[in-house]
Amino acid sequence: MSNIKHNKKRFLSHMPVADHLSVKGHLPVKDNLSVEDNMKKSKQAQLHQDFNTAKVSRREFIKVAAAIGVVAQAPFFLVAAHAQTTSAQEYDYVVIGAGSAGCAVAARLSEDSASKVLVLEAGPADANDYIHIPATFPFLFKSPLDWNYTSVPQTALNGGTLYIPRGKVFGGSSSINAMIYQRGHSSTYDTWSETNPGWSYADVLPFFKKSESNSRGESAAHGGNGPLNVSELNDPNPITLAMLKASKEAGYPMNDDFNDGDQEGIGMYQVTQKNGRRESAAVSYLHPAIEANRLTAQADAMVLKIVITNGRATGVTFLADGKEHTVTARKEVILCAGTINSPQILMTSGIGPKDHLKEHGIAVIHDLPSVGQNLQDHFMMPVVYTCTQPVSLSQAGSKEQAKLYAKGKGMLSSNIAEAGGFLKIDPQSPAPDLQFHFSPGYFILDGAANPTDGSDGFTIMPSLVQSKGTGTVKLASADPSIKPLIDHNIFQNEKDYDVLIAGVKIARKIIAASALDGFRGEEYLPGLAVQTDEDIKTYINKYIQTIYHPVGTCKMGSDNMAVVDYKLRVHGIGNLRIADASIMPTIINANTNAPSIMIGEKCADMIRNA
Ligand SMILES: Cc1cc2nc3c(=O)[nH]c(=O)nc-3n(C[C@H](O)[C@H](O)[C@H](O)COP(=O)(O)OP(=O)(O)OC[C@H]3O[C@@H](n4cnc5c(N)ncnc54)[C@H](O)[C@@H]3O)c2cc1C
């Protein structure tokens, strides 16, 4: 490692906070305003007035507000626009969690005007600007908008732990994610469908398309009219473009669309963005439904348990304003709290492995041994180089970049992992088992170990996307506010190292190609001293992290390890479905947001057409 200053405590230091953008959340107070400031102030006042009198849409408001530097005030107005409270005690459908899948389920159910729909979200409305300005999402790590989970000590990592961010806000993890739009290899869905009718890739494709509005337009593979905007990155970084050229030079195939046909190859990612702003599930599904008064979405409402009466889900108990409330679900409860919280809520409600529930003094309503089992995730580690030109994301906080961002361009519109691709290391694997993420900036240990001296760098992240092991989510307590115990059981199969070791070698080969001559500085990590497979393995154990894709803890199927059936109905309990990433029987080999939204779309469709 070079002698660049390096501070593990400071978080995501590649990007100085852009004070002039006021992204910290407070507008600077000035006594003597300049002419420029005065103009800004009157524009702000006009904009706020227009927003409050509904002359500008919320989207327009955010765009304009960012442009004139008032993003810090947006929270107050946006919260006012979107925070709701339940005005009724009874609904047809109660959706738990306004995340990727939950927003899709709730919005689609609410299209039936006869249905009364309530969404309960533990976090606040999505007013924080770090959500909407793409490159600032890592500032949300370990913030109040993050459940901020940590795994239990991992044996293979000599007791080291893994950080597991999860969005706690309208949009859930889609409000804090890296916006990469991927569906995963078709063979995974085809395997699911062997025991789950209706889940082959051909079966789920219409739901991917229904959700999507791709800037390339409608095609056999893509949707053109869905709520979720998918587009090219507005302003790819020159280092990213050089990394693509270098990959080609190193002999790897290029891929222009990972979601149509062959997944293998390297290319730019399409992203869930429009005009350089994040398209979360909240922006695309929930806000329009709220604005049309089709449903009630209550923020800061922490669900404590599902009420089960005579073997059927009849309501939900939640905490809001320091008080417990119970609402009745006349038709169904749909649990969309994500891979960590959905099994936790089931267990605190008395549905789960009998002995484990008893251990925590929870009355067993239904013994379902599989709840919280089958945890799967993706893992990555960084190959990092310093950069010889001041063009990496370390420069994203400059005034010039703020100006560019007012037009939806520049580094602030970067999703950080701008490009990447898929390769097959194990020839027996039906789908690529190695994914790359290319970042034109430092990204070391979730950004927490980035250099803090403002220097430039870039990172290739080889990522294990077909890990052979599974882990668990277990209760630490019957108290729903106590974080559960998450055990990834990482590297229980030694073969998983082989894929990552190969990934480090490929990353170095790509970076050595002449297309990167104008940017390549010295190897920062693993460092030139790390050469043998054994050295690389030691490095991996120190620098491995998750890619934030936990799935599988409420697995779909009909075997004794399944929690829900192919219609997402919880085995043994009536009127209760689960729709989120937790139902995936096996992990797909790519980023998991679009599949979670697809699961939400399909769930709503199954309910409406039951
Ligand atoms: C940092 C990060 C980067 C990522 N990058 C990408 C990417 O680039 N591309 C991609 O495809 N995927 C990415 N992912 C993964 C993807 O975002 C998730 O797989 C997906 O959002 C999961 O959707 P979900 O509906 O299962 O859960 P979530 O979206 O997490 O939603 C669960 C919701 O339930 C709420 N909730 C939980 N418990 C309760 C309770 N007790 N009461 C009320 N509400 C509750 C939560 O607050 C949350 O809003 C990333 C994830 C993270 C965290």
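Me: A crossing counts as left-handed if the near helix is turned anticlockwise from the far one by less than a right angle, and as right-handed if clockwise. In which hand does H4 pass H15 here?
Reply: The crossing of H4 past H15 is right-handed. Helices (H or I, at least four residues) and strands (E, at least two) are DSSP runs numbered from the N terminus.

Me: Before we go on, what kind of model is this?
Reply: This is a predicted model, where local features need pLDDT of at least 70 and side-chain atom pairs count only at pLDDT 80 or more, while totals for chains, interfaces and linings use all residues. Residues are numbered from 1 along each chain as its sequence is written.

Me: Back to that pair, then. At what angle do the axes of H4 and H15 cross?
Reply: Roughly 30 degrees, and the axes come within 7 Å. Axes are lines fitted to C-alpha atoms, for helices over the stretch in contact, with angles from 0 to 180 degrees between N-to-C directions. H4 and H15 are therefore roughly parallel (under 35 degrees; over 145 is roughly antiparallel, 65 to 115 roughly perpendicular, the rest oblique).

Me: Which residues in H4 and H15 meet?
Reply: On the H4 side, Ser-100, Ala-101, Gly-102, Ala-104, Val-105, Arg-108 and Leu-109 take part, and their partners in H15 include Asn-593, Ile-597, Gly-600, Glu-601 and Arg-608. Contact here means C-beta atoms, placed from the backbone, within 7 Å. The residues divide into nine nonpolar, five polar and three charged. Nonpolar covers Ala, Val, Leu, Ile, Met, Phe, Trp, Tyr, Cys and Pro, charged covers Asp, Glu, Lys and Arg, and the others, Gly among them, are polar.

Me: And how does H7 pack with H15?
Reply: Helix H7 (residues 201-211) has its axis 9 Å from that of H15, at an angle of about 105 degrees. So H7 is roughly perpendicular to H15. That contact has six nonpolar, one polar and four charged residues. Among those meeting are Phe-207, Phe-208 and Lys-210 in H7, and Met-598, Glu-601 and Asp-605 in H15.

Me: Switching to the ligand: how many residues surround it?
Reply: 41 residues do, and Gly-97, Gly-99, Gly-172, Asn-591 and Asn-593 are the closest. A residue is near if its C-beta atom, placed from the backbone, lies within 6 Å of the molecule.

Me: Which elements give two or more residues to that shell?
Reply: H4 (100-109) and H15 (593-608) turn up again, along with strand S12 (302-309) and helix H10 (338-348). H10 gives the most, with four residues.

Me: What's the shell like by class?
Reply: There are 18 nonpolar, 19 polar and four charged residues around the ligand.

Me: What pLDDT does the protein average?
Reply: It averages 90, with 86% of the residues at 70 or above; pLDDT is the predictor's confidence in each residue, from 0 to 100.

Me: Backbone check: where is the cis peptide bond?
Reply: Leu-525 and Pro-526 are joined by one, with omega about -5 degrees. Pro-526 sits in the loop between strand S24 (520-525) and H14.

Me: Which residue has a positive phi although it is not a glycine?
Reply: Lys-142, at about 60 degrees. Lys-142 is in the loop between helix H5 (129-132) and strand S3 (149-150).

Methods. Contact = placed C-beta atoms within 7 Å.
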